[in-house]
Amino acid sequence: MSVRRLAEDTVQPAAFAFSKENAAWAEATINKYPKGREQSAIIPLLMRAQEQDGWVTRSAIESIADMLGMPYIRALEVATFYTQFQLKPVGSRAHVQVCGTTPCMLRGAEDLIKVCKKKIAAEPFALNESGTLSWEEVECQGACVNAPMVMIFKDTFEDLTPERLEQIIDLFDAGEKAEVKPGPQADRIYSAPVGGPTTLQTPEPAVKKTARASKAADKKAVSVPPANAAKPKTAADVTNPTLKTPATARKEAAKIAKTEGETVDKSKPAKKPR
Ligand code: FES
């Protein structure tokens, strides 16, 4: 992973403030956490600041640290650790983060980077001519099963071909991101096999029903003594779990023990039938 530093002072704004709507949202978010644990709201607040201003500025980090009563260095640690936070100005319509870790690299990430270089800029973080697009290479984003993939702001776009990435970039640049459905760009549901399931072909509800029915049948077979079962004669016979259910067994054991003069220890539960 590359070293992540804050942008130069020349581009840092002097102050930060949430808009009225975002300030109300931030307060409600902080109140979700127990007293003394408000710092847990650091990630959602930084993300909201990024959504508002397009990137995470030094003043935003410090202002949010003040809101949460935490040292600036702790807030900086979070902002500089996660690649989802942009520490420099990026494309206003799309910042394309191409995963270059091994599974994505083996499945064509290098071709996706070539597309970014051709359509956006030759160097990572450089803006295109109109300032609407930028790109960078990042580490694994957790969607390896659908490699190769890119992340644009909060959404992932998976199972990409260079041609599909070109289309996606064009749509974002044209302000038509609503036309692009995030997630797999191939014929699959989430991370299921392309083209449909290849195992577990039986529909799940049917499996559950069958399994439950056979369990119930097993239970019935164990708990009901056979019609020709030998009648218990002594207390030991009665507590035999193959003959009776625990409650019945205990009652009958007590009855027989009384007539035989034995003592039955009621504190010990009778063995359950298998
Ligand atoms: S390796 Fe690319 S998402 Fe995990």
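## Lysine 114 and aspartate 111

Lysine 114 is exposed, its relative accessible area being 55%. In this predicted model, lysine 114 forms a salt bridge with aspartate 111, and the closest N and O atoms are 3.7 Å apart. Both residues belong to helix H6 (residues 109-119); because they are three residues apart, about one helical turn separates them. Aspartate 111 is partly exposed, with a relative accessible area of 37%.

Eight salt bridges are found in a search of the whole structure. Those that share partners join Arg48, Glu51 and Lys154 into one network.

Within helix H2 (residues 42-53), arginine 48 and glutamate 51 lie three residues apart, about one turn of the helix. Their salt bridge has its closest N and O atoms 3.7 Å apart. Glutamate 51 counts as partly exposed, at 43% relative accessibility.

Glutamate 51 also forms a salt bridge with lysine 154, where the closest N and O atoms are 2.9 Å apart. This pair links distant parts of the chain, 103 residues apart: glutamate 51 is in helix H2, while lysine 154 is in the loop between strand E3 (150-152) and strand E4 (155-158). Lysine 154 is exposed, with a relative accessible area of 56%.

## Alanine 26

Alanine 26 is part of helix H1 (residues 20-30). Its relative accessible area is 0%, so alanine 26 is buried.

Apart from neighbours within four places in sequence, alanine 26 contacts Phe18, Leu45 and Met67. Leucine 45 is 19 residues from alanine 26 in sequence, and the C-alpha to C-alpha distance between the two is 6.4 Å.

Terms used: Residues numbered from 1 in each chain as written. Predicted model: local features only at pLDDT ≥ 70, side-chain atom pairs only at ≥ 80, totals over all residues. Heavy atoms only, no water. Helix = DSSP H or I, 4+ residues; strand = E, 2+ residues; numbered from the N terminus. Buried < 20%, exposed > 50% of the residue type's maximum accessible area, 1.4 Å probe, protein only. Contact = heavy atoms within 4.5 Å. Salt bridge = Lys/Arg side-chain N within 4 Å of Asp/Glu carboxyl O.
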